[in-house]
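Please look through the structure below with the sequence at hand. The paragraphs that follow start where the chains meet and then turn to details within each chain.

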Amino acid sequence: MTHQFPALSPEQKKALSDIAQRIVASGKGILAADESVGTMGNRLQRINVENTEENRRAFREILFSSDASINQNIGGVILFHETLYQKDSSGKPFPALIKEKGIVVGIKLDKGTAPLAGTNGETTIQGLDGLAERCAQYKKDGADFGKWRAVLKITSTTPSQLAIQENANTLARYASICQQHGLVPIVEPEILPDGDHDLQRCQYVTEKVLAAVYKALNDHHVYLEGTLLKPNMVTAGHSCPKKYTPQDVAVATVTTLLRTVPAAVPGICFLSGGQSEEEASVNLNAMNQSPLPKPWKLTFSYGRALQASALAAWVGKSENKKAAQDAFRKRAQINSLACRGQYVVSGKTDTAATQSLFTASYTY
Amino acid sequence: MTHQYPALTAEQKKELSDIALRIVAPGKGILAADESVGRMAKRLNQIGVENTEENRRLYRQILFSADSRVKKCIGGVIFFHETMYQKADDGTPFVQMIKDKGIVVGIKVDKGVVPLAGTDGETTTQGLDGLSERCAQYKKDGADFAKWRCVLKISNNTPSALAIMENANVLARYASICQQNGIVPIVEPEILPDGDHDLKRCQYVTEKVLAAVYKALSDHHVYLEGTLLKPNMVTPGHSCPTKYSPEEIAMATVTALRRTVPPAVPGVTFLSGGQSEEEASINLNAINTCPLVRPWALTFSYGRALQASALSAWRGQQDNATAATEEFVKRAEVNGLAALGKYEGSGDDSGAAGQSLYVANHAY
């Protein structure tokens, strides 16, 4: 507590900071294409495509072979382990395909949830064993950032003190190890949207969780300028009877972040959770239009919300490649506009109709 | 951890937030005139004046009779208990004189340091007993903000984990109680400049201390928008052989704050510690021209650094009162400019020459 034993040299800090800035450069966000084999299975099943390695490869190739101009909207792509070592039809490794567009390659590093005994079904995340060696290898193989997803849920008894503290601690350990190997850690403390809780409840819990996360990062000597945050937006639970506007979500979310996320963090890349493609874009847009101050970039790290239309257009047929790419590019461009608060929702009338729904920020 | 039991209503939050914003309105800072009887003894001793209640009254009258020029640069004045109930020669209560200038009245509420057994001479701060009732009374008597000073020191074994945790906790309890009574708490975790440690050491310790303070404030459900922070600037120890420029001090200070102070905090009002009047102004100015993004107001809460010249101009002679008041007004205006990054120094061209001395932030 009294002496500093620097975790990183000035050169290491600069390298990490530069990577983070590139990922969240103005108007850019992240394509989360790191679905595990099981999760990809769910996605492919919905379009009646068999979950084979080749099908997974083929779909990712569609995304990654988009025209290079996609680099205006996408600053980073998160890959699953299998995908990092796959190649496109011409034999070019996916990391190279992505990097030649000037997009940063990331890698999912966690190894899924493990139960916390004595809690109401809560979990922590495993994956710390041998993480240093894995990070070093991934860095050699083309990755410059990592991702680790912790999961918390809201019920009348959760998240418990233990779950918050344990998940914050493992996130901080992961982040510390990443930075030692030149990887920017994306810190993801997802609070699931399941439940009937209201917006205020989600805000309260998110504030507590994020405060614990940043205290843990500080305790573990993590260099904040070389990290990114991937939180949930503050929303009501899926089965909450009360409906909220995008402006309500925006004010609750930004207020929460202002109270917990130090300005040194260069960017906040929201997860889309259970939101539809459009919802995820509209909410992000509302945040960037909000008059509240925003000392960090507010952008996206979307999986489903960037790929749903592309998947539906592809349905496993190679002749649909262009249609799928067009669908993906369209969502990427929309989210890029949302990063700047410039997304005008087509079909809706002017913003005047939505202005009156603002709730004064001091209520939060 | 799971449910919110709101500590404050929406109206209470708005009142606190409004008060805080008035104190740190652009170009304004705080006059810390809350020296205890014992502390005033030292000051008066230095100018050969006897430490009587009347002399303390006469001296504060000199400060409080400043003309309307101070309206632009002083947003708040911190009082000592005795002074809250004193009056000017014409019978006007001091509290009234200050409020008539549109300046917010504050009150020191801590009761000094007490030792932490088992540590290397470390302390915590007392004053929580009956604090709620005292706050309620001070609010009735005209105070809208309060101040509580905790003290930490840097040596080979300090600050210890206990000292950091205990002082952070007591600050959070104080802050919580203040807000319940409509009083904005200024949170002051002073790390003394005594010692031969370098700038980096001070920065490291300051980051650890402030991270603990903001975790404690979150744990105690304190409404950050209705608080102010009064920290030390990040400087080397007094006996450190290495000399640093104002730009280096500014970069280290702003970097430390960016890593720990949530943007929801409306203002950071630095203490001047052992700095001379000019040093405190030059450093504050450098802080306000630092190229990093600064989401809070960065201003002053100066005692000695606002009063030293006034005291020596007065020397206890009422004939000197007007000249003494003028000295105070001059320093107040200088610091008002420094809070806007517009102070050009007292003659030497530190303005332009200083800019080139900024070191790239990755070194911090």
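How many residues does the contact take from chain B, and how many from chain A? It takes 42 residues from chain B and 41 from chain A, where contact means heavy atoms within 4.5 Å. This is a predicted model, in which local features need pLDDT of at least 70 and side-chain atom pairs count only at pLDDT 80 or more, while totals for chains, interfaces and linings use all residues. Residues are numbered from 1 along each chain as its sequence is written, chains are lettered from A in the order in which they are written, and side-chain values use heavy atoms, with hydrogens and water left out.

Between them, chain B and chain A bury about 3,600 Å², of which 59% lies on carbon and sulfur atoms; buried area is the accessible area (1.4 Å probe) that two parts lose on being put together, summed over both. The interface holds two salt bridges by the rule, which asks for a side-chain nitrogen of Lys or Arg within 4 Å of a carboxyl oxygen of Asp or Glu. In one salt bridge, the side chains of B:Arg259 and A:Glu225 meet at 2.8 Å, N to O.

On the side of chain B that touches chain A, at least two residues each are supplied by helix 1 (10–23), helix 7 (161–180), helix 8 (199–219) and helix 9 (246–260) of chain B, helices being DSSP runs of H or I with at least four residues and strands runs of E with at least two, numbered from the N terminus. Helix 8 of chain B gives the largest share of that side, eleven residues.

Within chain A, helix 3 (residues 53–64) packs against helix 11 (residues 304–314) at an angle of about 120°, with the axes 11 Å apart; axes are lines fitted to C-alpha atoms, for helices over the stretch in contact, and angles run from 0 to 180 degrees between N-to-C directions. From helix 3 of chain A, A:Asn55, A:Ala58, A:Phe59, A:Ile62 and A:Leu63 meet A:Gln307, A:Ala310, A:Leu311 and A:Trp314 of helix 11 of chain A.

The loops also deserve a look. The peptide bond from A:Thr158 to A:Pro159 is cis, with omega near 0°, and A:Pro159 is placed in the loop between strand 6 (145–152) and helix 7 (161–180) of chain A. In chain B, a cis peptide bond joins B:Thr158 and B:Pro159, with omega about 0°. A:Asn48, in the loop between helix 2 (37–46) and helix 3 of chain A, has a phi near 55°, a positive value in a residue other than glycine.
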